Amino acid sequence: MFTLLLAWPVLSASTQPTPVPEATLVSTSAKSMEAYKTAYTPRIDGHLDDECWKKASEVSNFIVSQPEYGKPASQRTVVKVLYDDNAIYIGAYLFDNDPSKIQKQLSNRDDANANADLFVTGLDTYDDNLNGYRFGLTAAGVQIDSRISGTAIDDSWDAVWFSKVSMASDGWIVELKIPFSAIRFAKKEEQQWGLQFSRLVRRTNEVSAWSPSNPQVNGYVNQWGELYNLCNLHPPLRLSFIPYLNVGYQREPVSYNPKMMANRRLLSGGMDINWGINESFTLNTTLVPDFGQVQSDNVVLNLGPFEQQFQERRPFFTEGTELFNRKIGRGPGQLFYSRRIGGMPTLHSYIHYLLKEDEEVESNPSVTQLYNATKVSGRTKRGLGIGMINAIASPMYARIKNNVSGETRKELTEPLTNYNIFVLDQSLKNNSRIGFTNTNVIRKGEWRDANVSSFNFSIRDKSNTFSYSGFANLSQVYDKSISNQPQLGAYANFGFSKISGNVRVDFEQYVITDKYDQNDMGILFHANEVSNFIGLMYFDYKPKGKVNNSDCYISLHQTSLFKPFAHQDFNINAGGDLVFTNFWYWGTFFQTKPMKYYDYYEARTPGVKFLRNPYVYLQTYAGSDSRKPFSVEWLLGFGESPVPKDPYMELSVTPTLRIKDRIKLSYNAFMSNDWKNFGFAAFDEEGNPMIGARKLYNVINTFNAQYSITPLMYVTFRARHYWSKAVYTNHYNLDEAGEMHEREMTKNTTRNFNTWNIDLVYNWQFAPGSNLIFTWKQNINQADNDADGGYAANVYKTFTTPQTNMIALKVIYYLDYQQMKEWDAKRRNKKQHVG
């Protein structure tokens with residue numbers, strides 16, 4: 001919902017406001033506002049009674065964006081803007097004709113889905129109609145901030161700014177102080193910034209904006225208004241130090257049979273340094289980082305030929321990274337996959353193959369320690385974005401013990417490694433851009449090195465109706481174990497889209513050569529592919545009866561091998577969504593591969609293909625009104641193929657309960673059964689791949705609890721149990737045509753896997769930018785080849801398996817140069833006054 005306040009996703013009917021006929025619209029032209037420079041700093045207390053606020057100009061007359069675009073807002077909003085040499089100040093009086101119905105649910109910072117009214121300010125400090133900052137405040141006083149670059153929104157960006165909310169007899173009041181050290185802007189005598197104010201009235205889900213944002217116009221910041229008369233602003237020295245100290249204790253199993261536990265004290269310290277190199281660019285560096293407080297990964301039983309991709313949760317790699325994470329087109333993979341940095345050591349899973357007689361593994365770290373990571377990013381006055389991330393990972397070793405002699409030795413599992421990504425991104429007119437990206441990984445010694453370069457572009461026409469986009473990548477891999485010459489590969493993509501209006505069209509082609517490889521710093525599940533895609537979408541914004549808005553779509557996608565050129569598969573996707581006037585929603589999704597198709601990866605053997613059967617899959621999903629104390633979402637899916645007795649079914653149910661304004665509980669239950677799935681089982685005695693017919697069972701239970709004590713203090717709890725079992729009933733060999741031929745089962749290839757995680761976090765922001773964090777994490781992994789045990793038996797096995805427990809206390813303190821200057825000035829003034 002926070003996205004709606006200043007920008008709307010162009011392909012989501014559920015978030016598209018409704019246009020009304022031109023004759024009924026109020027004025028929807030972009031607006032402007034004059035800023036007033038004050039010699040007196042207002043006190044940020046949520047009361048606009050300081051004398052300086054009386055001199056500021058004000059704006060009102062907000063226009064509805066949702067549910068009926070163009071109408072006057074149902075609730076009056078008045079906003080004022082002040083600035084001085086240090087900060088910009090926003091004061092807003094949000095009138096309400098029934099203040100008792102203002103929603104004020106407490107939540108974590110940046111939780112835009114809370115059941116709370118919301119006010120948001122947007123600043124485009126370079127006035128380039130492309131990049132902006134957003135500062136939001138809920139009626140409960142919770143801060144929500146983010147950055148926008150083009151159509152990409154970075155909700156993980158967190159700035160240090162000051163705010164206060166107060167309730168009045170006829171509404172609520174917002175007061176913000178945004179220090180100039182928290183944002184970037186050009187050094188000019190007189191400036192003009194893009195400006196937007198938006199408001200969400202949660203009980204009616206009405207979103208209104210000061211400068212109209214038309215859902216049929218693609219783009220976000222380009223629809224904002226203007227703030228002028230900003231004079232004699234001098235970008236301050238942006239310098240902050242964020243030291244941290246982490247203490248804790250961990251108990252973990254080092255052997256399951258016999259059961260052996262190890263205790264480890266945790267003590268670490270480090271520092272983040274943020275320095276504004278000039279008015280446009282910022283350097284961020286983290287020294288000896290510790291990411292032990294991030295949420296545990298959702299590990300699954302991976303039966304496929306490709307690695308599992310995990311979400312990035314480490315703050316350094318999520319905040320302010322919009323330049324590095326830009327993705328163009330629907331093609332597979334991403335050029336920068338930050339989980340490569342500080343990930344699992346390369347030889348971690350293979351260390352048992354390096355053991356000698358009478359040896360055992362005593363320790364084998366699963367995470368690579370970073371020495372440091374540095375990030376530089378910014379954008380010049382002419383719209384050139386420049387970004388660089390460099391990280392140095394320490395060498396990692398497994399410790400191996402000889403049980404006879406008692407001697408220990410070290411085995412290198414990851415060498416000293418340098419990771420680097422460099423980005424150039426030039427903004428052009430009409431929300432267009434061109435860019436260049438380079439990723440580079442250098443490992444010490446004879447290990448593999450890699451380099452990938454990418455030229456990319458996105459060009460839009462003057463009317464913002466059509467878009468042309470694409471990229472051309474070149475990869476170079478240096479691996480002397482394969483060749484003394486670099487391995488070269490290419491990946492090219494081109495797309496054409498109609499991006500505005502009720503009817504949207506997408507057409508895209510890409511080619512990936514057989515030698516292309518970006519997996520040292522990026523991720524790409526497979527290369528050697530040629531793809532053709534066309535999609536048609538229709539959005540109906542006009543309410544019809546009980547339906548507020550709707551969408552439908554269909555797409556065709558065909559792929560071939562690049563070398564040797566051969567057909568691979570063809571699939572059809574279709575679906576639609578309805579959003580009702582009572583804020584319930586319903587949708588459906590359909591997918592089919594209507595003919596047999598080739599899978600060139602499942603056999604895990606180059607040159608061996610697997611001929612798969614066609615299938616159809618239908619999914620439906622729905623959700624109730626999330627404004628209510630109790631809401632529920634559900635999903636039901638069913639699939640079928642020509643193979644006898646081969647149905648697939650899945651069911652997901654997610655009830656959510658809010659208890660007053662402080663507690664939120666949610667539970668997700670997911671289960672799926674595939675009665676006859678076919679996939680890789682093992683290699684036979686001669687090294688040939690065997691395909692297996694298998695029954696797949698998956699059950700996932702996830703419980704989340706959130707208790708918000710104040711806007712600056714909260715407790716979160718998350719528990720997840722995952723169970724998956726693959727029971728193989730038949731084994732097959734593949735012939736040259738990819739057909740299966742049944743063979744004798746000589747191996748037990750059944751896979752049974754359980755994992756359990758608890759993440760308990762207490763977070764208290766005891767000062768601006770400073771946090772005290774207590775964490776308890778519990779982890780259990782259990783795996784065997786048992787084909788008989790059901791769900792209850794697996795729950796029992798899970799909790800009788802040795803577990804890892806970690807408790808830690810982390811203190812982070814924020815020291816800002818500008819704040820220290822202000823404190824020192826106040827101290828001097830007080831001393832002079834006393835004297």
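**Figure 1. The loop that holds P564.** P564 sits in the loop between β31 (547-561) and β32 (566-580). Strands here are DSSP runs marked E of at least two residues, helices are runs marked H or I of at least four residues, and both are numbered from the N terminus. K563 and P564 are joined by a cis peptide bond, with omega about -10 degrees. Most peptide bonds are trans. The model is a predicted one: local features need pLDDT of at least 70, side-chain atom pairs count only at pLDDT 80 or more, and totals for chains, interfaces and linings use all residues. Residues are numbered from 1 along each chain as its sequence is written, and side-chain values use heavy atoms, with hydrogens and water left out.

**Figure 2. The loop that holds P67.** Which residue is joined to P67 by a cis peptide bond? The partner is Q66, and omega is about 10 degrees. P67 is found in the loop between β4 (63-66) and β5.

**Figure 3. N129 and its positive phi.** N129 is not a glycine, yet its phi is positive, at about 60 degrees. Most residues other than glycine have a negative phi. Look for N129 in the loop between β7 and β8. Is N129 buried or partly exposed? N129 is partly exposed, because its relative accessible area is 34%. The cut-offs are under 20% relative accessible area for buried, over 50% for exposed, and in between for partly exposed, with a 1.4 Å probe and protein chains only.

**Figure 4. R604 and its positive phi.** R604 is a residue other than glycine, and its phi is near 60 degrees, a positive value. R604 lies in the loop between β34 (597-599) and β35 (610-612). R604 has a relative accessible area of 31%, so R604 counts as partly exposed.

**Figure 5. The largest nonpolar core.** This core has 39 residues. A nonpolar core is a set of buried Ala, Val, Leu, Ile, Met, Phe, Trp, Tyr and Cys residues joined through side-chain atoms within 4.5 Å. Which members touch the most other members? They are I88, F119, F135, V174, I183, W193 and F197. At least two residues of this core come from each of β5 (77-83), β6 (87-95), β7 (118-124), β8 (131-138), β12 (171-179), β13 (190-201) and β15 (225-231). Another core lies apart from it, with 16 residues, among them F317, L323, I389 and I421.

**Figure 6. The partners of F135.** What does F135 touch, not counting residues up to four places away in sequence? Its partners include F119, V120, T121 and L123. Among them are also I144, D145, W157, A159 and W161. L176, I178 and I183 are on the list as well. Contact means heavy atoms within 4.5 Å.

**Figure 7. Q196 in strand β13.** Q196 is found in strand β13. Q196 is buried, because its relative accessible area is 0%. Q196 and A30 are 166 residues apart along the chain. Their C-alpha atoms are separated by 9.9 Å.

**Figure 8. E508 in strand β29.** E508 is placed in strand β29 (residues 503-512). E508 has 7% relative accessibility, so E508 counts as buried. Leaving out residues up to four places away in sequence, E508 touches G329, R330, G331, N493, F494, G495, S531, N532 and F533. How many residues separate E508 and H557 in sequence? They are 49 residues apart, and 9.5 Å apart in space, C-alpha to C-alpha.

**Figure 9. N677 in strand β39.** Strand β39 (residues 663-683) contains N677. The relative accessible area of N677 is 18%, so N677 is buried. Apart from its neighbours within four places in sequence, N677 is in contact with D646, G692, A693, R694 and L696. N677 and D646 are 31 residues apart in sequence. Their C-alpha atoms are 7.5 Å apart in space.

**Figure 10. The setting of the close-ups.** The protein chain has five helices and 46 strands. Its C-alpha atoms fill a box of roughly 85 × 65 × 55 Å, taken along the principal axes. Of its 835 residues, 51% count as buried. Among contacts between residues at least 6 apart in sequence, 65% join residues at least 24 apart.
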